[in-house]
Amino acid sequence: MTRTRNAVLLLAAVGLIVLAGCGGSQQKADNPGGAIIRSSQDPNGLRGATLDRPYSMPAATLTDTNGDPFNLVTSTKKPVTLVFFGYTNCPDVCPTVMADVASALTKLDKPVQDQIQMLFVTTDPARDTGPVIRKYLDRFNPSFVGLTGSLTSIKDIAKAVGVPVEGMQKLPSGGYEVGHGAQVIGFGKNHEANVIWLSNAAIGDLAHDFGKLVEDNQ
């Protein structure tokens, strides 16, 4: 089994989602979305964690890095939308996931890449201004869309798609980290998600699944 499937089976067994503090420690939290997670049984299907009950994209409006409104339903024009909740000061999990997604996309033909939109929703809006997010995302892929808003709105959106967000956790140094789920969520053109990828998903599995989602959403 791949690393991804091993992790999926563990999650299915305990019914929990990993909560990444992005500062070193990881905790476990209840899956607020309530979807049942299982591994794909189809060898030609998706390699991520599939959901028995799909998540629906909330029709909520955030603000993009240009300061313009961005509605999660009406502003997502491509057949496949990937969503990740994280923050720019995260020292480990977030940049690893973003780099893995960016690397997986480069393995796809350009016409396939062009059918995929990657959304990065900050869980630290107090520090992550539009310009800060834009500079951060440009390190990985300039086409990635960065979004911010009130922490309350972001938490509500995250909860609706099964991502726990704890908010600020003070550190002994005087700073803070932000606990959040580290999964990437894959939505189709119907604005529903049937698959997530955990933070340890193999790049090859991500590329395979991204391409499969594009194929399935033509």
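## Around Asp64 and strand β9

Let's start with a pair: Asp64 stands opposite Leu147 in β9. Keep in mind that this is a predicted model. Asp64 itself is found in strand β5, which covers residues 61-64, and β5 pairs with β9 in the antiparallel sense over 2 bridges.

What does Asp64 touch, leaving aside residues up to four places away in sequence? Its contacts there are Phe70, Gly146 and Leu147. Asp64 is buried, yet it has no salt bridge. The nearest side chain of opposite charge belongs to Arg134, 8.0 Å away, and a salt bridge has to be within 4 Å. Asp64 does have a polar neighbour, though: a polar atom of its side chain lies 2.9 Å from the backbone nitrogen of Asn66.

Now over to β9, which runs through residues 145-148 and has both faces covered. In a regular strand the side chains alternate between the two faces of the sheet. Here Val145 and Leu147 sit on one side and Gly146 and Thr148 on the other, all of them buried.

| Strand pair | Sense | Bridges |
|---|---|---|
| β5 and β9 | antiparallel | 2 bridges |
| β8 and β9 | parallel | 3 bridges |

Strand β8 takes in residues 116-122, and its Phe120 has Gly146 in β9 as bridge partner. How does the chain get from β8 to β9, and what is the hand of the crossover? The chain goes through helix α4 (residues 130-138), making a right-handed β-α-β crossover.

Conventions. Residues numbered from 1 in each chain as written. Predicted model: local features only at pLDDT ≥ 70, side-chain atom pairs only at ≥ 80, totals over all residues. Heavy atoms only, no water. Helix = DSSP H or I, 4+ residues; strand = E, 2+ residues; numbered from the N terminus. Buried < 20%, exposed > 50% of the residue type's maximum accessible area, 1.4 Å probe, protein only. Lys, Arg positive; Asp, Glu negative; His and termini not counted. Polar contact = N/O pair within 3.5 Å; in protein donor to acceptor, adjacent residues only side chain to side chain. Contact = heavy atoms within 4.5 Å. Pairing = 2+ DSSP bridges. Right-handed = clockwise from strand over helix to strand, strands pointing away.
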